[in-house]
Amino acid sequence: VVLMFACWLVGATYVPINIGDDDERIEFILNNAEAKAVFGMPDLLERIESLKDNLTAEYFIQINGDPQGSFIYLPDEVKTMADEVENYDALATLDSEALLVYTSGTTGTPKGVILEQYNLLVDIKCISDWYGFNSNDRAMLILPIHHVNGIVVTLLTPLWFGGSTVLNRKFSASNYWRIAAEEHCTFGSVVPTILAFLCEKGEDRTQYNLSARFFLICGAGPLTVELGERFEEQFKIRINHGYGLSETTCYSCYLPYDLTENEHNRWMRDDGYPAIGVPLPCNEMDIQTDSGESVAEGEKGEIVVRGHNVMKGYFLRPEANEDAFKNEWFRTGDEGFYKRDDKGRTFFFITGRLKELIIRGGVNYSPLEIDEAISRIPGVKAGMAVGFENNAYGEEIGAYIQPEANTDLTEEQVLSALKHLPFTKRPKVVVFGQDFPVTATGKYQRNKLKPLFIEWKDTQFRE
């Protein structure tokens, strides 16, 4: 956290890394981002050391702990250029590139989303104003801070409104309510998977003196009507559902915070999908056809966004930028519709993804990356990763395989051959078949395979 703010103070760009990613992806991100310096905590030095020869970075710097190995170590008392700087305001401007966060694409190649300091400031101001936060509010931060949700909602926003945040090393369903109460938190930000884990744990949260204002902001993954209703009925805590992307800094819309209980339940439960809310003032949203025409109320189309929180673009990806921006709108690749209430407000819904990303626990995975690993398994004629509905993670990952003739390939063999993948990205079950659904032009229709995995909807897979 300190390093991130230090970068922004001097106008440098911060590239957060998910240490749960495999080495190949981390190498790609660091090199594609043209990172000049790699900072590592003591427990990661050995891993960084093994990657150094494949990285273009010039500096490898250890932060915290005693100096180890060939890493440059900067003790607290070291003198830096900070001693000579008289005006930090001259080092960073609103259009300074602040954050380069990588997101998977349908091509399988991670894309770097460029967010300027202005993007961040605009979005956190809108979030703060939306909820009427003040210096008495405190955030419960349990989401990863390599992702915009953790960074923007529960780290930057509290600092904007003069409040505070509670940093948790990791999420714990056993300790969530206790810590939130003891630290006097007034809100938290979660993904649907967290809701499922809390429901599964089933702890009586009334034993803790939780703030009367406490509520949860939820997004970054598919929330079902069933899960939302189950959580709210079980814990008597309101979920304020929203929607956004890394490309829109974080959130683009939320349910209005001042809805009555009846209004809230109506928008969360009555349309087959929980509403993702009304656009924040810093951006506009629309539902459009492929040709860019707005659709009528209730009709499905692509969710598009434009406004002050929309990214500068993808780093070094002109072809991706051309595809993403049409007629001054950013095309999200997500399908949805809208309805209006009697006050004229436009409530949006998301019904699926036009892109084929798998969103497991709020984290995006490109199925094409997993397809490649499946296709390398001996005995596989053709294979495909499929994101299927799962109550624990929103979506879980399965493998659909067409085996070669005269092979006795088993599920155990397939799963064993994929153990080199991180558990979060690894298929958990295998379905064998002889045919792939295809379009008239021969393109595979991945989503038509989802019903084959329906029996594992309620299964929580553990490593």
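With which residue does Asp129 form a salt bridge? In this predicted model, in which local features need pLDDT of at least 70 and side-chain atom pairs count only at pLDDT 80 or more, totals for chains, interfaces and linings use all residues. Residues are numbered from 1 along each chain as its sequence is written, and side-chain values use heavy atoms, with hydrogens and water left out.

The partner of Asp129 is Lys125, and the closest N and O atoms of this salt bridge are 2.7 Å apart, a salt bridge being a side-chain nitrogen of Lys or Arg within 4 Å of a carboxyl oxygen of Asp or Glu. Because Asp129 and Lys125 lie four residues apart in helix H4 (residues 117-131), about one helical turn separates them; helices (H or I, at least four residues) and strands (E, at least two) are DSSP runs, numbered from the N terminus. Asp129 is partly exposed, with a relative accessible area of 48%, and Lys125 is likewise partly exposed, at 39%, where buried means under 20% relative accessible area, exposed over 50%, and partly exposed in between (1.4 Å probe, protein chains only).

By this rule the count comes to 25 salt bridges. One of these is formed by Lys312 with Glu97, whose closest N and O atoms are 2.8 Å apart. This pair links distant parts of the chain, 215 residues apart, since Lys312 is in the loop between strand E14 (301-307) and strand E15 (313-314), whereas Glu97 is in strand E4 (residues 97-103). Glu97 counts as partly exposed at 25% relative accessibility. Asp341, which counts as buried at 15% relative accessibility, forms a salt bridge with Arg345, with the closest N and O atoms 2.8 Å apart. A network of salt bridges links Glu229, Glu232, Glu233, Lys236 and Arg269.

Turning to helix packing, the axes of helix H1 (residues 2-9) and helix H5 (residues 148-160) come within 13 Å and cross at roughly 65°; axes are lines fitted to C-alpha atoms, for helices over the stretch in contact, and angles run from 0 to 180 degrees between N-to-C directions. H1 and H5 are therefore roughly perpendicular to each other, a term that covers angles of 65 to 115 degrees. In this packing, Met4, Phe5 and Trp8 in H1 meet Ile151, Leu155, Leu156 and Leu159 in H5, contact meaning heavy atoms within 4.5 Å. The residues of the contact of H1 with H5 divide into seven nonpolar, no polar and no charged, where Ala, Val, Leu, Ile, Met, Phe, Trp, Tyr, Cys and Pro count as nonpolar, Asp, Glu, Lys and Arg as charged, and the others, Gly among them, as polar.

Conventions. Angles under 35 degrees count as roughly parallel, over 145 as roughly antiparallel, 65 to 115 as roughly perpendicular and the rest as oblique.
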